[in-house]
Amino acid sequence: AWLARMAGQDCGTAVVEVSSRALAERRTAGVEFDVAVMTNVRRDHLDYHGTIFNYRRVKSRLFEHLKPDGAAVVNADDPASKFVLRHLDRPVLTVGMHTPAELTARVIERHPCEQTFLLTAGDETAAIQTRMFGDHHVYNCLCAAAVGLLMGLELTTIARGLEAVDMIPGRLEPVVAGQPFGVYVDAARSPDTLAVALRSLRQVTAGRVICVYGADAHGDPSQRPLLGRVVERMAHRGVITSGHARGPQPLQIVHDILDGYDRPARAHVLPGRAEAIRWALSQARPGDAVLIAGGGGRHDRAGRSQPHGCDDRIVARQWLHEVGAHIDYEEERPRVI
C-alpha cells in the first residue's frame, strides 16, 4: 500500500527494509528489486523460525525478488555469506572490513563523536568522516556505498552523502545536554545487537560503561539469559528494567535475565524504566558512558510515537537538564559500583 501511494505520486526510487518474517509470510510477493542487500544474519528470531538454518534460508528469499538484471550485495565478513553465495546465481558485490571483498573499509581513527575510515572500491579510495561510530555503522556505510555504485553513482558523491548523515534515530543516538559523560539511546533488544552496541562504546569510552536494559515480554524467552550474560561481561554495571512493551510477569523476565549472570548480585534491578534511566545517569561520572538499550524512542511503521511506555531520550534529557546541570562533577567523588 505504501509503495502504491509512492508510485501514485511519481516517486521513482524506494528503499525498503524487509524483515525475515515478511519474507516468510511472502509479504513482498510481486515486488521486484534492482538491488538486494543482506547486511548480516545473526542468531535472532529463532522463536519464529525455529533454527538458524531456517532463518538463513528464509533471509535468502530476498534474492528471489531481484529483477532479471538485478544485483546482490553481501557482507563477506558474515559467516552466513558462504551459505548465500552457494545458492546465488546473480551478479554479486561483496563488502567487508576483515575479509577480502570488492568494497572494503578500514577505520583510521574513532572517537565518541566521530570516526574516520577509508572506503576502497577497486583502484578508488575515499576518506569518510562520519558523526557516528562503531563497526556496525561502517558496515551500513559499506552496504549503502555498494548500492550507490550499482546504481551508477560516483564514489566521491557517495562519500559526500555518507558524511551528510548526522545520526540514525535509535542507533547509538547521543543525548547531549552539556554533561561530561556520554549518554546513548539504542534500539538493541537481542543479545547480538546489544553486544555490538556495548563493544562500540567500550572502544571509545575512557571510563565505565553503564547499561540500562530489559527484555520484551513478548519476545523469545530463551534470549533473556543471553542478554544478562552479554551485559555482565561487556558493561561495568547493568541496570535491569522493564521493556517498553506491556506484558505479563515482569518479575519472571527479570529472573530469566539474571539466570545469565555468573554473579547476579552485580546486577541492579529497577522495574520502572524511567527510574532506572535516572538512577544510571546519577551514577555516571566524567569519562563514563550510559547506554539506554531496548527502546530508542521507537515509532510505529507510520512514524508515530508508541502510545505507551516512555521515550528514553526525553527521560534522559529531562534529568540532565533538571538534575545533572546542578551537579558539580569536579567536587563529587567517583562512586565505585
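Reader: Let's start with Asp-192. Is Asp-192 buried, partly exposed or exposed?
Author: Asp-192 counts as partly exposed, because its relative accessible area is 28%. Bear in mind that we're looking at a predicted model.

Reader: Where does Asp-192 sit?
Author: Asp-192 belongs to helix H8, which covers residues 191-204.

Reader: And how far is Asp-192 from Val-230 in space?
Author: The two C-alpha atoms are 8.4 Å apart, while in sequence Asp-192 and Val-230 are separated by 38 residues.

Reader: OK, zooming out. How many helices and strands are there in the protein?
Author: There are 12 helices and 12 strands.

Reader: Tell me about S9. How many of its residues are buried?
Author: 5 of the 5 residues in S9 (residues 209-213) are buried, so the strand is largely enclosed by the rest of the structure.

Reader: Which way do the residues of S9 point?
Author: Val-209, Cys-211 and Tyr-213 point one way, and Ile-210 and Val-212 point the other way.

Reader: What does S9 pair with?
Author: On the S12 side (residues 289-293), 4 bridges join the two strands, which run parallel. There, Val-212 stands opposite Ile-292. S9 is also joined to S10 (residues 237-240) by 4 bridges, again in parallel, and in that pair Tyr-213 is opposite Ile-240.

Reader: How does the chain get from S9 to S10?
Author: The chain passes through helix H9 (residues 224-234), and this β-α-β crossover is right-handed.

Reader: And S8, what goes on there?
Author: S8 (residues 182-186) pairs with S12 in the parallel sense over 5 bridges. One of the facing pairs is Gly-182 and Ala-289.

Reader: Switching topic: Leu-119. Buried or exposed?
Author: Leu-119 is buried, because its relative accessible area is 0%. Leu-119 lies in strand S5, residues 114-121.

Reader: Which residues is Leu-119 in contact with, leaving aside its neighbours within four places in sequence?
Author: Among them are Leu-103, Thr-104, Ile-128, Leu-142, Ala-145, Leu-155 and Leu-162. As for Cys-141, it is 22 residues from Leu-119 in sequence, and their C-alpha atoms are 9.0 Å apart.

Reader: What about the protein overall, how much of it is buried?
Author: Buried residues make up 46% of the 337 residues. The accessible surface comes to about 17,800 Å², with 51% of that belonging to carbon and sulfur atoms.

Reader: Last thing. What is the mean pLDDT of the protein?
Author: The mean is 88, and 89% of the residues reach 70 or more.

Reader: Where does pLDDT stay under 50?
Author: Over residues 299-308, a stretch for which the model has 10 contacts beyond four places in sequence. Where pLDDT is low, the predicted coordinates should not be read in detail.

Key
Residues are numbered from 1 along each chain as its sequence is written. This is a predicted model: local features need pLDDT of at least 70, side-chain atom pairs count only at pLDDT 80 or more; totals for chains, interfaces and linings use all residues. Side-chain values use heavy atoms; hydrogens and water are left out. pLDDT is the predictor's confidence in each residue, from 0 to 100. Contact means heavy atoms within 4.5 Å. Buried means under 20% relative accessible area, exposed over 50%, partly exposed in between (1.4 Å probe, protein chains only). Two strands pair if DSSP finds at least two bridges between them. A crossover is right-handed if, with the strands pointing away from the viewer, the path from the first strand over the helix to the second runs clockwise. Accessible areas come from the Shrake-Rupley method with a 1.4 Å probe; for residues, only the protein chains shown count as cover.
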